[in-house]
Amino acid sequence: MTINELRKNLPDEKACRAYLEQVIWKQGRVCPHCGCLESWAIKGRSARPGLYECSGCRRQFTVTTKTPMHSTKLPLWTWILAMYYMVNSSKGVSSVYMARWLGITQKAAWKLCHAIREMMDTNHDKSPAVGGVVVEIDEKFLGGKPRKKKGVVHKRGKGTKKQGILVMVERQGIVRAELIENDSIEAIKPHVERHVDKHSYLMTDQNPNYRSIAKDFAGHSYVNHGNEEFARGEVHNNTAESLNSQLERAKFGVFHWLSKRHMWRYINEVAFRWNHRHPVQDGKGKTVMKFLPVIEQLASLLNCAIWRLVRRGLSGGLRICSNYV
Ligand SMILES: [Zn+2]
């Protein structure tokens, strides 16, 4: 879908609001204050557009109440357009470009992008979701390089102040990523148990902690990166490495600098993009991963809108009040 087609479908604010109501309240209108499913529209000249009153708690709400769009001053079309740009880009959009494209300030664009990333959280599904035949697991340490100092060789990866990320990914399937303190068994095990199906075959690097974790799973193989071994036939964790390199490229190419405080949401974005592809056969009989249609991605994004509040903090920055966290 092109921007022109999107605009044709959503020509004004009324259409944008109707679209949001249709997608966010897919299973019926729900009161964001108490979760009640019964409410009525408030009509009249003084009522804001799209205002409802809950029959349970008698409080009023609209489709943007208690979502990242809560009491926004931007037109809904600007939000939808920003979402369109974000899900349609292959590596992400920086707030500077977003500001230029939408005609808003960089500060407003920065908040807007983070609000959209908040909805990109695919981890809220608590049951094990990564499963199937083979699941690759890998750790990644992401952060800035220390300044060059003569005669000093800086450490790489773990052992630095960089943020640890645990990546669990199905081959030709979905990914879950979590922030970790370090690569100890205590840090890794709960995430693997939460996200990975017990019937999966694990492939990892030589970190001995995985051998202990894998005892509860269908099987385990590992490659020894220390011995320069990266693949042994089907045994490799190149899929996880490929996702890691996307994180690295997003950092270098688009965002330049990721703060530890907000890194979680940048990872959401990379994982969201990864999870919204599906395998298709190309002309030569090879399986390649293609992005899902934009409209499907928008629906999936807005599915996570309710009860995720992103407000401006009193001293600047963001205040996240998500019920999901
Ligand atoms: Zn209510």
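Student: Leaving aside its neighbours within four places in sequence, which residues is E53 in contact with?

Tutor: Contact means heavy atoms within 4.5 Å. By that rule, and setting aside neighbours within four places in sequence, E53 touches S39, W40, I42, R58, R59, Q60 and F61. E53 itself belongs to strand 2. Here helices (H or I, at least four residues) and strands (E, at least two) are DSSP runs, numbered from the N terminus.

Student: Is E53 buried or exposed?

Tutor: Buried means under 20% relative accessible area, exposed over 50%, and partly exposed in between (1.4 Å probe, protein chains only). E53 is buried, since its relative accessible area is 16%. Of the 325 residues of the protein chain, 48% count as buried.

Student: What should I know about the origin of the model and its numbering?

Tutor: This is a predicted model, in which local features need pLDDT of at least 70 and side-chain atom pairs count only at pLDDT 80 or more, while totals for chains, interfaces and linings use all residues. Residues are numbered from 1 along each chain as its sequence is written, and side-chain values use heavy atoms, with hydrogens and water left out.

Student: What is the mean pLDDT of the protein chain?

Tutor: pLDDT is the predictor's confidence in each residue, from 0 to 100. The mean for the protein chain is 84, and 87% of its residues reach 70 or more. Among the elements of the chain, strand 2 has the highest mean pLDDT (95), and strand 14 (residues 318-322) has the lowest (69). In total the chain holds 10 helices and 14 strands.

Student: Which residues are the protein donors of the zinc ion?

Tutor: Donors are N, O and S atoms within 2.8 Å of the metal (3.2 Å for Na, K and Ca); water is not among the atoms, so sites may look incomplete. For the zinc ion, the protein donors are the SG atoms of C31, C34, C54 and C57, lying 2.3 Å from it. Their spacing in sequence is C-x2-C-x19-C-x2-C.

Student: What do C34 and C57 tie together?

Tutor: C34 lies in the loop between helix 2 (13-24) and strand 1 (39-41), and C57 in the loop between strand 2 (52-54) and strand 3 (60-61), so this pair joins parts that are 23 residues apart in sequence. Both count as partly exposed: C34 has a relative accessible area of 42%, and C57 has 28%.

Student: Why is the arrangement around the zinc ion called tetrahedral?

Tutor: Four donors count as tetrahedral if all angles lie between 85 and 135 degrees; four count as square planar and six as octahedral if opposite donors are over 155 degrees apart and all others between 65 and 115; anything else is irregular. The four donor atoms here subtend angles of 105 to 113 degrees, and the arrangement is therefore tetrahedral.

Student: How many aromatic pairs does the structure hold?

Tutor: Rings of Phe, Tyr and Trp (its six-membered ring) pair if their centres lie within 6.5 Å; planes under 30 degrees apart count as stacked, over 60 as edge-to-face and the rest as tilted. The structure holds six such pairs. One of them is the edge-to-face pair of W25 and Y52, 5.6 Å centre to centre with 80 degrees between the planes. W25 sits in the loop between helix 2 and strand 1 and Y52 in strand 2, so the pair links parts 27 residues apart in sequence. W25 is buried at 7% relative accessible area, and Y52 is buried at 9%. Elsewhere, ring pairs link Y84, Y85, Y97 and W101 into a cluster.

Student: Which residues of helix 4 are buried?

Tutor: In helix 4 (residues 95-102), the buried residues are S95, M98, A99 and L102. Seen down the helix axis, they fall within an arc of 100 degrees, so they line one face of helix 4. The arc is that of the directions from the helix axis to the C-beta atoms. Helix 3 (76-88) and helix 5 (106-119) are among the elements covering these buried residues.
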